[in-house]
Amino acid sequence: MDYNSFINRMQIYLESLKAHEVKEFIKALSLIDKAVQKTLATDELTDISPRKFALILNDLEDELKDEMVLLTKAFYESSQAIADYAYTAESKYLGVSIGTLALKDTPMASFGGALVTEVLKSFETNESQRIINAIRLARHQGKTNSQIRQIILGTKARRYQDGITNVTKRHANAIVRTVVQHEASQARGELAKELGIDEIKVVATLDGRTSSICRSLDGQILPLSQKPPYHVNCRTSYILWNGKDVKTRASMHGVVQNQTYYEWLATQDDKFQDFVLGKERAKLFRDGGLSPKQFSDLQLDKNFKPRTLDEIRAMI
């Protein structure tokens with residue numbers, strides 16, 4: 001198995017581990033649902049005194065925060081264990097003997113440079129406060145406990161997808177997936193430093209869900225400091241660059257010759273190109289007289305920010 005194939009396989013394993021971590025995280029969030037239901041199972045909140053309401057709400061807030069802290073702490077430890085697994089597996093593949101991985105609390109570009117622990121702490125605070133504020137507002141509006149329960153937990157008719165706790169679960173999904181990708185990326189970065197390698201080759205996923213940022217960065221040789229993830233829910237990986245390339249890579253349609261995302265996209269049919277790029281940008285991709293590389297170069301500015309369609313047209 002060549003190195004590029006190994007990295008692709010590791011990313012597939014990583015996606016599976018992300019799914020598992022999301023499942024466990026959201027399962028643990030059910031404790032929040034139970035805490036809310038317990039609070040709403042007694043007196044009607046609109047019937048009790050402001051003082052008693054404040055005490056009940058304070059108790060609930062403390063319980064939510066305690067549960068959140070335990071949950072994020074367990075997940076953080078699990079994400080570092082995944083990173084250690086990735087670090088060990090790659091060092092074995094490369095046949096190198098390295099020290100024990102000791103990941104630091106590092107900034108996440110995908111969350112504005114906040115440290116991993118800061119992102120998790122913000123999740124704890126924001127999601128707990130969102131529920132507390134919703135209950136406070138609902139009582140002020142004179143809603144019944146039953147109505148408040150629906151606001152927080154959602155309605156059966158909509159499979160509980162319309163409640164505030166479902167928003168919390170969506171946020172959890174994004175954070176868990178991004179943190180796992182980040183920690184695994186940091187682990188590979190530590191391995192690169194051990195080996196004296198300071199450049200990477202970006203490897204995006206060749207399918208229809210890859211972001212505009214990752215489509216354009218795919219195949220580029222960048223400093224180690226510019227390693228992914230580049231955004232929330234990023235699936236892009238990288239190889240440690242030693243100047244040697246490979247002949248093939250994986251795609252949604254199986255193994256293809258080694259090529260960049262836009263070179264690969266040029267071999268797909270118009271319908272798929274429209275799906276990935278949008279109709280106007282896809283038409284420009286096909287009929288603008290640009291090579292895949294030229295089109296790729298126009299997609300991002302110097303800060304890796306996607307350019308608008310009007311900006312691209314003006315540059316052409």
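## Cavities

A cavity here is a set of points, on a 1 Å grid over the protein atoms alone, where a 1.4 Å probe fits but cannot get out, and its lining residues have an atom within 4 Å of a point. Grid points are joined across faces, edges and corners, and a volume is the space filled by probe spheres set on the points. This is a predicted model, so to speak of local features we ask for pLDDT of at least 70, side-chain atom pairs count only at pLDDT 80 or more, and totals for chains, interfaces and linings use all residues. Residues are numbered from 1 along each chain as its sequence is written, and side-chain values use heavy atoms, with hydrogens and water left out.

With that rule, there are two cavities of 30 Å³ or more. The largest cavity holds about 140 Å³ of space. It is lined by 16 residues, and the ones closest to its centre are Gln11, Leu14, Ala86, Ala184 and Arg188. Helix H1 (3-40), helix H2 (50-94), helix H5 (164-195) and strand E5 (237-240) are the elements that each put two or more residues into that lining; helices (H or I, at least four residues) and strands (E, at least two) are DSSP runs, numbered from the N terminus. H1 is the top contributor, with six residues. Sorted by class, the lining of the largest cavity comes out as 10 nonpolar, five polar and one charged. For the sorting, Ala, Val, Leu, Ile, Met, Phe, Trp, Tyr, Cys and Pro are nonpolar, Asp, Glu, Lys and Arg are charged, and the others, Gly among them, are polar.

The second largest cavity has about 40 Å³. Its lining is made of Leu29, Ile32, Asp33, Thr165, Thr168 and Lys169, and the elements that give two or more residues to it are H1 and H5. Here the classes split into two nonpolar, two polar and two charged.

## The chain as a whole

The protein chain has 11 helices and seven strands. Its C-alpha trace spans about 70 × 50 × 30 Å along the principal axes. Of the 316 residues, 46% are buried, where buried means under 20% relative accessible area, exposed over 50%, and partly exposed in between (1.4 Å probe, protein chains only).

Now for contacts, meaning heavy atoms within 4.5 Å. Among those in the protein chain with a separation of 6 or more, 69% are between residues 24 or more positions apart.

## Helix H4

Which residues of helix H4 (residues 145-153) are buried? They are Asn145, Ile148, Ile152 and Leu153. These residues sit on the same side of H4 because they cover an arc of only 110° around the axis, the arc being that of the directions from the helix axis to the C-beta atoms. The elements covering the buried residues of H4 include H1, helix H3 (116-140) and H5.

Arg159 counts as exposed, because its relative accessibility is 70%.

## The E4 to E5 loop

The loop between strand E4 (221-223) and E5 is where Pro229 is placed. The peptide bond from Pro228 to Pro229 is cis, with omega near 10°.

Asn233 is in the loop between E4 and E5 as well. Its phi is positive, near 70°, in a residue other than glycine. At 37% relative accessibility, Asn233 counts as partly exposed.

E6 and strand E7 (residues 254-257) run antiparallel and are joined by four bridges; two strands pair if DSSP finds at least two bridges between them. Across the pair, Arg249 stands opposite Val256 in E7, and the hairpin from E6 to E7 goes through two residues.

Where does Asp2 lie? Asp2 is in the segment before H1. With 30% relative accessibility, Asp2 counts as partly exposed. Setting aside neighbours within four places in sequence, Asp2 is in contact with Tyr93, Val246 and Thr248. Asp2 and Thr248 are 246 residues apart along the chain, and 9.3 Å separates their C-alpha atoms.

Technical notes
1 Å grid on protein atoms, 1.4 Å probe; cavity = no way out; pocket = protein on both sides within 12 Å on 5 of 7 lines; lining within 4 Å.
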